[in-house]
Amino acid sequence: MNQMRGPLEGKNNIELGHEAVLPETVDVNIRQLDPIPAPRSFINEIPLGRHLVKRVQESRAAIRDILHGRDDRLVVIVGPCSIHDPQAARDYAQRLYSVAKELEDDILVVMRVYFEKPRTTIGWKGLINDPDLNGTFNIRKGMWLARKILVDTVEIGLPTATEFLDPITPQYISDAISWGAIGARNTESQVHRQLASGLSMPVGFKNSTDGNVKVAADSCYTASHEHHFLSINVDGAVISAETLGNPDCHVILRGSIHGPNYDAQSVADALEYLQESNAPDAASRGLIIDAAHGNSGKNEVKQARVVEEIAERIRLGEQGISGIMMESFIESGNQSPAPLNELVYGKSITDRCISWERTNELLHKLSGAVRERRTLN
Amino acid sequence: MAEVNPSSQHMNPSASELERDAHDAAIRREYLHTQIEKNHDKNPLNLTSVSRWEDEVGLAPIINRRVLELDPLPSPAAVLQSLPLNDQARKLIVESREEIRAVLSGEDDRLLVIVGPCSIHDPQAALDYAQRLGRVRKELEENLLIVMRVYFEKPRTTIGWKGLINDPDVDGTHKINKGLLLARQILLDVLSQDIAAATEFLEPTSPQYISDAISWGAIGARNTESQVHRQLASGLSMPVGFKNATDGSVSVAVDSVITAMQEHTFFGIDHQGRAAAVETLGNPDCHVILRGSIHGPNYDAQSVEQALKITHEKIDHECIATHGVVIDASHGNSGKDEVQQVRVVRNIAQRVAEDEPGISGIMIESFIKGGNQEAAPLSQLEYGKSITDKCISWDDTHALLHELSDAVQKRRDTHTLRS
């Protein structure tokens with residue numbers, strides 16, 4: 001790893017900057033600013049080989065085709081709520097790949113490889129932020145691990161999906177990602193719309209935590225435009241970025257504090273709204289439904305039933321559902337975060353997930369539903 | 001000592017250098033846009049005749065297909081050195097932050113008044129307004145702690161002019177280089193009028209360039225639930241207000257206050273302008289701002305009481321957040337109508353005079369002329385009139401500030417009588 005040791009050492013020192021003469025009005029509440037190696041060094045150290053680049057490009061194109069109605073398959077974004085164990089992630093990816101290959105005529109499986117968790121207030125923020133799960137916040141290690149896991153997953157044969165939370169992280173990992181999400185707490189945020197406008201893969205905007213679809217629709221519209229803003233470049237320096245706009249943004253229904261919104265009426269209402277709004281094509285053709293979060297009250301048994309219900313509706317020919325999101329891992333349920341050696345293998349340390357066996361069943365159900373829907377035409 | 005990447009060193013760029021850089025960038029952009037049009041291909045991903053910087057540096061052609069231009073910016077250290085705070089400004093900022101803390105915690109019985117244009121678009125008008133406000137600040141300093149709104153970053157509902165830093169020439173040329181320096185210069189000019197500055201923090205990278213000159217910060221309604229902004233607030237050196245969400249939720253604003261009071265570690269940039277892991281200590285001086293919602297205003301007494309009730313339920317110790325809220329008389333609280341805004345301010349003044357508890361401060365959008373006009377380059381604009389939200393005119397503002405001052409005096413007299 002690039003030996004860029006920060007100039008500031010010792011967790012207990014309150015530092016206010018180094019060579020620059022900074023006034024005492026700056027950094028009163030900052031303990032340390034520790035440089036992280038630039039994206040270029042991570043990308044060079046863990047490159048995405050040509051053959052893998054091709055896979056990412058093809059999967060992005062396939063997702064685009066589904067969103068724009070040129071491919072009648074269902075996008076299924078499935079995997080752990082968050083990644084905390086590289087070995088379990090690999091294990092899960094291998095299981096998922098064999099099923100994905102089997103069902104590829106009917107569903108396009110994308111693995112959730114989530115590294116950044118937005119919390120309601122505080123809590124473990126994900127692998128990049130605290131890879132050792134013990135409050136040591138070794139971000140350099142976390143970023144390295146995250147990129148390694150992503151590239152390995154693409155190597156195994158699966159396209160990857162992630163939530164983009166922090167605006168700097170994409171520079172380190174987005175070349176390996178085929179689909180991105182902007183979470184409910186960030187769906188109205190200009191910073192995140194700008195970010196989406198410059199991302200090279202389709203991006204879904206979740207409805208806001210109060211259930212509002214309008215702001216997600218506005219986000220799709222906004223992100224399809226050019227934007228200018230401060231960002232960092234591949235050498236990790238501050239730059240002014242200009243983006244071309246992302247025409248493949250769409251809405252995700254994920255329930256709200258008022259209850260679920262995965263039912264047929266909510267889907268129809270949302271689509272009607274989107275078609276009348278100025279949201280771009282991909283957004284007005286179909287939605288993605290997140291079976292977890294507000295749509296199942298964070299209960300994995302309910303989540304599985306929600307997926308079955310949606311599969312049934314698809315089987316009967318319901319239109320407007322481009323894809324579905326599921327939180328799934330090896331073991332069902334969840335456990336409290338702790339260092340790896342204290343944890344049960346293959347079980348989520350954030351939201352409750354559906355077990356692998358049940359997931360396998362559900363994937364076959366979804367695939368069957370798409371096949372039967374085809375016979376209706 | 002850590003190495004600085006030579007390509008990112010921009011020590012003390014001169015104004016003419018900046019103009020030249022901006023001009024070159026504009027020519028490059030022009031060429032690229034012509035190439036895109038020529039190819040009649042709306043999908044930039046398939047465009048091969050236009051080389052991206054990534055092709056030049058030999059990276060895989062996948063990462064940044066949609067990012068067209070990446071102009072290097074001066075580091076925060078370079079900007080702070082080329083436009084430093086003088087002793088008067090430094091002293092003013094340290095003292096005003098203390099005063100604001102004291103007012104928000106109730107140690108000081110004055111009212112905090114955060115007043116000024118919705119957004120800054122004209123350096124001359126900004127200084128003009130600062131001079132006027134500076135005089136009134138001095139006159140009414142017994143009763144009011146007046147801080148000027150110096151807002152450079154505008155969150156839009158969808159698209160529109162994003163503020164001085166993003167597009168200082170208001171013509172789509174996006175000279176962010178120039179915008180950063182101009183913004184800082186305007187801040188220094190405001191401070192020279194012996195008045196402290198308040199701003200909204202929107203972009204996570206820009207605070208490094210200006211936050212040393214700011215005495216109070218806001219996180220807007222559209223970002224109040226955002227972890228990125230809560231983390232940012234946890235490392236800021238001044239009191240920060242979180243607006244209620246656009247759906248009216250105060251609960252998420254309180255969650256934000258709680259989150260920002262904690263230590264955080266996250267991705268940011270350092271003073272050399274490089275990606276860095278930032279460790280913060282937490283900001284104990286955060287509070288809630290009531291700004292109305294899509295469902296209507298929330299500046300009334302019941303809403304204030306309810307907001308503080310929620311705050312007390314979630315925060316178990318005394319802090320500035322549990323002491324009171326700041327009320328934004330504009331935005332959702334007056335339907336973006338400056339005439340209504342005046343009425344809202346009067347209403348709040350009345351209630352302060354009647355000693356209603358829980359009102360720590362008020363925010364007012366005000367400029368030299370009332371109302372607003374369409375955004376356009378400076379030469380086409382009417383002087384002293386907002387190009388974003390409608391503002392109250394200076395004359396009306398002057399009258400309102402006196403009313404607020406009288407209200408505080410009346411409240412104080414009531415207390416004196418009691419004791």
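This note comments on the fold, the domain division and the cysteines of a predicted model.

1. Barrel of chain B. Eight strands of chain B form a closed barrel, in the order 2-3-4-5-6-9-10-11 and with parallel pairing. From one strand to the next, the twist averages 30°.

2. Strands 9 and 10 of chain B. Within chain B, strand 9 (residues 286-292) is paired in the parallel sense with strand 10 (residues 325-332) over 3 bridges. Ile289(B) has Val326(B), in strand 10 of chain B, as its bridge partner. Helix 10 of chain B (residues 301-314) packs on the sheet and touches both strand 9 and strand 10 of that chain. The direction of helix 10 makes about 125° with that of strand 10.

3. Domains of chain A. Chain A is divided into domain 1, covering 1-33, and domain 2, covering 39-376. Taken over C-alpha atoms, the centres of these two domains of chain A are separated by 35 Å.

4. An unreviewed UniProt entry places the feature "domain: DAHP synthetase I/KDSA" at residues 62-362 of chain A. Over residues 62-362, chain A is 35% helix and 19% strand, and the end C-alpha atoms lie 22 Å apart.

5. Cysteines. Cys353(A) is buried, with a relative accessible area of 0%. In chain B, the sulfur of Cys319(B) is 9.1 Å from its closest cysteine sulfur, in Cys286(B), and therefore too far for a bond. Cys319(B) also counts as buried, at 14% relative accessibility.

Notes. Residues numbered from 1 in each chain as written. Chains lettered and ligands numbered in written order. Predicted model: local features only at pLDDT ≥ 70, side-chain atom pairs only at ≥ 80, totals over all residues. Heavy atoms only, no water. Pairing = 2+ DSSP bridges. Helix = DSSP H or I, 4+ residues; strand = E, 2+ residues; numbered from the N terminus. Axes fitted to C-alpha atoms, helices over the stretch in contact; angles between N-to-C directions. Contact = heavy atoms within 4.5 Å. Domains from an automatic or database assignment. UniProt positions renumbered as here; feature names shortened; annotations may be inferred. Buried < 20%, exposed > 50% of the residue type's maximum accessible area, 1.4 Å probe, protein only. Disulfide = S-S within 2.5 Å.
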